[in-house]
Amino acid sequence: MTDPKTKLRRTMMFVPGNSPKMINSADIYGADSLMFDIEDSIAVTEKDTARILVAQALKSIKFHSETVVRINHPTQTPFGMDDLKVILPSKPDLIRLPKVEDVSEVELVAKEIERVEKENGWPEGTINIISAIESVKGLYNVREICKHPRMVAIALGAEDFIANLKTQRTKTGIELYYVRSQILMAARDAEIQCMDTVFSDVKDMEGFEHEVSNSRDMGFDGKSVIHPKQITEVHRLYTPTDKQIAKALKVLDAYDDAQKNHKGVLAVDGKMIDGPIVVRAQRVVDQAIAAGVNVEEKRGLA
Amino acid sequence: MEKQANKILARSATAGFEEKNDVLITVKPVAAGQGITVKLVSPVQRQYGKHMEKLIMETVRSAGFSDVNIEAADKSAWDYTIKARVLGALERGMKA
Amino acid sequence: MKNAVGREIPEVIPGIKNKRLYKGEFAYLPEKPGAARKIRVGIPHTNKVLASIDEAIEKTGLRDGQTISFHHHLRNGDFVMKMVVERIAAKGIKDIMIASSSLSPCHDFLIDYIKDGTITALESSGLRGDLGKYLTVNPQALKKPTIIRSHGGRARAIEAGELHIDVAFMGAPACDRFGNATGRQGKSAFGSMGYAMIDAAYADKVVLVTDNLVDGAVYPYSIPQIDVDYIVPVEAIGDPEGIASGAIRITKSPTQLLMAKYAAEIMEETGYLKQGFSLQLGSGGASLAAALFIREKMEKNDITGSFGIGGVTGVFSEMLKDGLFEVCYDAQTFDMTAVKSIAENPRHLEVSASFYANPWNASPIVNNLDVVILSATEVDLDFNVNVITDSNGVLMGASGGHSDAAAGAALSIIVVPLVRGRLPMIRDHVQNVVTPGESIDVIITDRGIAINPLRKDIMEKLKGSKLPIMTLAELQALAYEFVGKPEEVGLSQDDKDIVAVVEYRDGSILDVIRKPIAD
């Protein structure tokens, strides 16, 4: 079984939890994770039926992607605990907590998960948690939140966060630079994954590419998406190019060679290769393999 | 599945929408002894009508009810959706 | 008796003379030399222009029991058929057969004329709308079952003398006083007159109905004056909105786009997307959207194509204009962008239905086709395709050029969603066969792709592909996991309840359409 803290999570596609039509076809677009939402996209009067619909869907459809359910906040709303009662027995892979501000909220949900796992005889860690930081308060507690043992990923919820900052979204993304950096640091400190926020203008593929490239370069593991065409784009940007793969293989081959022949300093293409560069090269190759690329074919292309 | 004690539906209620792949379910309490009756209107009547009626009755029965009338305005819902909407309507029909 | 696609065809079908059963794509050869073009004498300085449709009916001598024909280039904006049938009925003429190249919902008015006995038989590529529903439920309303033919099959039947037309009423967007007509200009311009060309050449009498009688000369002309007996000017031959509204847009549906992408990828991986390839696309949904992805790959790999065949939409005529294809053979033009193209681009060629798809000539252009991408109302485990009835057995589509292109193309691809609403699209047996499984190579659904086992060469080429290749049986099982296995729709077994006979391209009987049993 893949480790939930390190599995490929480049794309998490948003699926409105009260729409059977969207649920029925969610699985065909190749997203790494599917996030069924019973929180903000659901009217207050429909919270009760949406949770039942998602639970029944999870029980009856064998989804290829990882399944995530975004529940309502467990203490800030009257819906969250009921969501857990209905959703947990249907065994999603992850529970996504919105607007997390304190690790106690995560602990509350973790306890519920533990109880249901025991009741059903499921191995511990069957269901885990991804939390979203959507406020400054949450940001200030992010390091502790990330360290909770049930946490496998931390995400940014930009819309609410920016409202909290009293500003607006811009093309450069400068308003989110600090929060993105901080939650990424916290994620790496806790050795969990980090997911970027939704880009809502589906027509602006250029702006989308720009934002995804930036967060990828910052170190983010993936992104929430709201349309199938965004999935293809993110996967493309997160898959190392042939050139990158070939270069990485060169580095790894040189490293192996140095190991075997007890060479000390090693250089590839005139550049000195040390520890971190080898680790990075291995990560490129691992990413490529996880994306389904036949890396052996790329040897010699650099 | 646990068989709960016979429940009595407090009032009429609906769940679901008349939209593609969904079903609008209306549940109504009926006099004791009348049993579970289903009236289904569906674009796939010929292909799945009998199956859907059976599914609705089974879902109501398993939820512990015995005297309920269900009207289903179907728009090609899959089984899990039908079940969810029936359970949703029954739950609403039990709210104060 | 069972035919070669396993369909049970009655020994005797009341009203149908033809007894040949489908034996295979190219099983039958013509036995007779074929019909001749009608010869007649044209007296010098005769004015062909008449005052009204009534006058045309009188002058052509139309009588009870005869056959009239129309083309369907005016699609759902056609006024011609209604104008003509109304006047025929007003004159008390009865028992008329209409052999139209196809029928659209705007022809629903025919129900009234069937009820009053004016129209007693139909031969068409398709039956839709309320008319389709009416005939499905009332098969005995006509004196014999409707004969459904493909575009190529209709051209063959006319040229072989199996379909004899007494009077052809051809809507013409522009026509000169001598009778030379074109579809390229005028307020009702619709582009190619491919289907009209056959009727004009073989009908006993030809009447052009035009809303644009030009004083000078019409050139280039699609119908020559030598085929035309009379011309009737009218206010409008059709509604431009229903004929060709704007440019047909490519679908935005993510499911359709996914299947379109798979189609382009199959073409690439099987090696059919190569320099000089030829292509035919359906007119909507995933089949048209495939153009986007094919174009991307052509530009990326610096590939140009040889020719396209249409049903041409603006999407394809733009590819032609941009030099991605050398020429385009057009039997029917779908939108205004493509109409402009046929009028202006010398590489956009107009061809007749016979040139397009008639299996009984030296070679229709479909014989040279590399790839065709088509849709379906349903398919079955034997790769048979239905495009004429829906899952309830109701007539709502058309045979069109489907079986023609599929038979001719080296790679025939069907795109169809695995489930539509709650109905699985892969049946054990399709309601009605329009294109036999042996013509179909690949079926692409949104959840997987199946290759016809007859094509071991394609299966070989796709070994190791990352595409979701599965068997049709596996795909059907997947659909049943989602929606369960459907109950069969009961069909009347009474031979008097046969609504229509589906003819294959060569005139053999492929299937019969029976009336569904009412609930």
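Q: Two strands pair if DSSP finds at least two bridges between them. In which sense do strand E1 and strand E2 of chain B pair, and over how many bridges?

A: The general idea is that strands of a sheet pair through backbone hydrogen bonds, either parallel or antiparallel. In chain B, E1 (residues 13–15) and E2 (residues 23–29) are antiparallel, with three bridges between them. Ala13(B) is placed opposite Val27(B) of E2(B). Strands (E, at least two residues) and helices (H or I, at least four) are DSSP runs counted from the N terminus. This is a predicted model, in which local features need pLDDT of at least 70 and side-chain atom pairs pLDDT 80 or more, while totals for chains, interfaces and linings use all residues. Residues are numbered from 1 along each chain as its sequence is written, chains are lettered from A and ligands numbered from 1 in the order in which they are written, and side-chain values use heavy atoms, without hydrogens and water.

Q: How many bridges join E2(B) to strand E4 of chain B?

A: Seven bridges link E2(B) with E4 (residues 68–74), and this pair too runs antiparallel.

Q: Now for chain C: what is the order of the strands in its open sheet of eight strands?

A: Read across the sheet, the order is E15-E14-E13-E12-E16-E20-E24-E25, and the pairing is mixed. E15 (348–350) and E25 (448–451) each have a single partner strand, so one side of each has no neighbour in the sheet. From one strand to the next, the twist averages 20°. Angles here run from 0 to 180 degrees between N-to-C directions, with axes fitted to C-alpha atoms (for helices, over the stretch in contact).

Q: Which helix of chain C packs on the sheet, and which strands does it touch?

A: Contact means heavy atoms within 4.5 Å. Helix H10 (residues 314–321) of chain C touches E12 (279–281), E13 (305–312), E14 (325–333) and E15, and its direction is at about 155° to that of E14(C). For a parallel pair in this sheet, turn to E20 (residues 411–415) and E24 (residues 442–445) of chain C, joined by three bridges. There, Ile414(C) lies opposite Ile443(C).

Q: How much area do chain C and chain B bury between them?

A: The size of an interface is often given as the accessible area lost when the parts come together. Here that buried area (1.4 Å probe, summed over both parts) is about 1,400 Å², 51% of it on carbon and sulfur atoms. On the side of chain C, the residues that lose the most are Gly421(C), Arg422(C) and Glu487(C), which together make up 46% of what that side buries. The contact brings 18 residues of chain C to 14 residues of chain B.

Q: How many salt bridges does the rule find across the interface of chain C and chain B?

A: There is one, taking a side-chain nitrogen of Lys or Arg within 4 Å of a carboxyl oxygen of Asp or Glu. Arg422(C) and Asp79(B) form it, with their closest N and O atoms 2.9 Å apart. Strand E22 (423–424) and helix H15 (472–483) of chain C each give at least two residues to the side touching chain B.

Q: What does the contact of chain A and chain B look like in residues and area?

A: It takes 15 residues from chain A and 16 residues from chain B. About 1,400 Å² is buried between these chains, 57% of it on carbon and sulfur atoms. Asn24(A), Ile52(A) and Gln56(A) account for 35% of the area that chain A buries against chain B, more than any other three residues. Three salt bridges cross this interface, and in one of them Arg92(B) meets Asp48(A) at 2.8 Å, N to O. Helices H1 (20–25) and H2 (47–60) of chain A each supply at least two residues of the side that touches chain B, and H2(A) gives the most, with seven residues.

How values were computed:
Buried area is the accessible area (1.4 Å probe) that two parts lose on being put together, summed over both.
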